[in-house]
Amino acid sequence: MSLSLFASLLLATPTASELPITDTPGTAEGVFIGPAEYKLAQVRIEKRVIIRVPRRRARRSNPVADFSRRSAPVTYKEQKIGKCLPMDNILGVQRFGERYLDLVTKDRQQIRARLKKKCQARSFYSGFYMEKSGDGKICVDRDILHSRTGTKCEIDKFRLLVRE
């Protein structure tokens, strides 16, 4: 609804003091009853906040410079973390395997989110969107992740990734 249409509806709507008050039998005392030309408009304003979590690119360094400094690949073990995470703490996401998304947080933790069975992580190649909840958290079996391709998935569980 455009602002000018909204303003004209408000200006055309009579105030409560302009409506006549009657005390006729069969109606409660003080009920506003007006002529047929008075039509009250109802306006509903909703606020929706959408949070975008971008894809986090893996750091790529110069392969020639790293040739002499080859080290063992970093391995992680998973630890239980709980069913909810603060939404504002998530910085980025990377795909891992068929059903996993690795979330990177502001405090540099990595959290692995396993998607429900019918969801594939490759749908989230460019990140995801989520609607901000009332408590400001993203929770297992409650919140839905939306990919840019239109896929919608719920999270099955969260795990904290800790270096071994």
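Predicted model: local features only at pLDDT ≥ 70, side-chain atom pairs only at ≥ 80, totals over all residues.
Good morning. Leaving aside neighbours within four places in sequence, Arg112 is in contact with Glu78, Phe96, Tyr100, Leu101, Asp102, Lys157, Phe158, Arg159 and Leu161. Arg112 lies in strand 6, which covers residues 110–115. Is this arginine buried or exposed? Its relative accessibility is 11%, so Arg112 counts as buried. Two of its partners also meet the arginine through polar side-chain contacts. The side chain of Asp102 makes such a contact with the side chain of Arg112 at 2.7 Å, and the side chain of Glu78 makes one with that of Arg112 at 3.5 Å.

I turn next to the cysteines. How many disulfides are there? The count comes to 2. In one of them, the sulfur atoms of Cys84 and Cys139 are 1.9 Å apart. This pair links distant parts of the chain, with Cys84 in strand 3 (residues 84–86) and Cys139 in strand 8, 55 residues apart. The torsion about their S-S bond is about 115 degrees, and the disulfide is therefore right-handed. As for accessibility, Cys84 is partly exposed, with a relative accessible area of 33%, whereas Cys139 is buried at 4%.

A disulfide also joins Cys119 to Cys153, with an S to S distance of 2.1 Å. Here too the pair links distant parts of the chain: Cys119 sits in the loop between strand 6 and strand 7, Cys153 sits in strand 10 (residues 152–163), and 34 residues separate them. The torsion about the S-S bond of Cys119 and Cys153 is about -115 degrees, so this disulfide is left-handed. Cys119 is buried at 9% relative accessibility, and Cys153 is buried at 2%. With the bonded cysteines numbered in sequence order, the pairing is 1-3, 2-4.

Now to the loop between strand 7 and strand 8 (137–139), where Gly136 is placed. Gly136 counts as buried because its relative accessibility is 17%, and buried means under 20%. Which residues beyond its sequence neighbours within four places does Gly136 contact? They are Leu85, Pro86 and Met87. Asp88 is 48 residues away from Gly136 in sequence, yet the two C-alpha atoms are 7.5 Å apart.

Thank you for your attention.

Terms used:
Residues numbered from 1 in each chain as written. Heavy atoms only, no water. Helix = DSSP H or I, 4+ residues; strand = E, 2+ residues; numbered from the N terminus. Buried < 20%, exposed > 50% of the residue type's maximum accessible area, 1.4 Å probe, protein only. Contact = heavy atoms within 4.5 Å. Polar contact = N/O pair within 3.5 Å; in protein donor to acceptor, adjacent residues only side chain to side chain. Disulfide = S-S within 2.5 Å.
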